[in-house]
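Here is a short report on one strand and the aromatic rings around it. Look over the sequence and the model first.

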Amino acid sequence: MNLALRQVFRSQSFRLCDRISHRYLPKQIPITSTCPVIQFRSYCEEKVESRKLLPPLMEFPPIVWPSFFKFVKNWMFANFIIRPYFEQEFSLNEFIEASKHAVQVVSDALHNSDFKSLEGIVEKDAIDALKTAVSKLSVSQRQLLSIEKDDIFYAFPYQVGVMFDDSDKRWVEITMCYHVLRGLKHMKDSGDLPPISLGVQPEYQDKIFILNYRFIREFTKGVEDSWWVNIVNHFQPHTLMKK
């Protein structure tokens, strides 16, 4: 699976969907007494809630919304640097679509604690960090990690960077942000589309996730490389509001 994914990322079309198919696994106690018992219930609810919430997987500043200035800069890098000098058929839109398949593969591996399958896709240091983070999650929290690409309703490149060093090596780094509504594909299939204001409705809060993935690829002349993932972060936006 890793080899197939790497080959698709290495191709100029970035059409992962044409090459890969994946399977995914996809009360409160009545209160009848007074203040002391209410305080005890609040403590219990906080502990239950903390077990359900998904903590960040890696130390990386959470990205939620795009930046207009970065949007302009990203467009310029893609069209005036990457395409003319690095890869003539590079398309940022095609990269975005292909990256959703990578998210599905990586998140499914994390859900199953299958870190072996991440080799060749995710950088080693990132795998080590993810292994530590996932080992601290409860079973219910791990179930929140798996993401279907069709549940992503908004995706954008937050930052496109081009890097050089003194030995004339060069890399392109793309930081992506994805907004996910778990179960969105099923809702679409059943014709039950969520409301536009889903972000502020309590019944949807636990189903909304934001993912930050950073991809990097070496474009040094004479070097054959494919896209790697070096940052993986999943979090729930309503947890940021509580901090």
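The report covers a strand, its neighbours and the ring pairs, all in a predicted model.

## An enclosed strand

Strand β3 spans residues 208-218. Of its 11 residues, 11 are buried, so the strand is largely enclosed by the rest of the structure.

In a regular strand, side chains alternate between the two faces of the sheet. Both faces of β3 are covered. One side carries Ile 208, Ile 210, Asn 212, Arg 214, Ile 216 and Glu 218. The other carries Phe 209, Leu 211, Tyr 213, Phe 215 and Arg 217.

## Strand partners

Strand β2 (residues 170-181) is joined to β3 by 11 bridges, and the two run antiparallel. Strand β4 (residues 228-235) is joined to β3 by seven bridges, also antiparallel.

Ile 210 has a bridge partner in each neighbour. His 179 pairs with Ile 210 of β3. In β4, Ile 210 has Phe 235 as its bridge partner.

## Aromatic pairs

The whole structure holds 11 aromatic pairs. In one of them, the ring centres of Phe 90 and Phe 95 are 6.5 Å apart; their planes lie at 40 degrees, so the pair is tilted. Phe 90 is buried at 1% relative accessible area, and Phe 95 is buried at 0%.

Tyr 178 and Tyr 213 have ring centres 6.0 Å apart and planes at 90 degrees, so this pair is edge-to-face. Tyr 178 sits in β2 and Tyr 213 in β3, so the pair ties together parts 35 residues apart in sequence. Tyr 178 is buried at 0% relative accessible area. Tyr 213 is buried at 0% as well.

Definitions and conventions: Residues numbered from 1 in each chain as written. Predicted model: local features only at pLDDT ≥ 70, side-chain atom pairs only at ≥ 80, totals over all residues. Heavy atoms only, no water. Buried < 20%, exposed > 50% of the residue type's maximum accessible area, 1.4 Å probe, protein only. Helix = DSSP H or I, 4+ residues; strand = E, 2+ residues; numbered from the N terminus. Pairing = 2+ DSSP bridges. Phe/Tyr/Trp six-rings, centres within 6.5 Å; stacked < 30°, edge-to-face > 60°.
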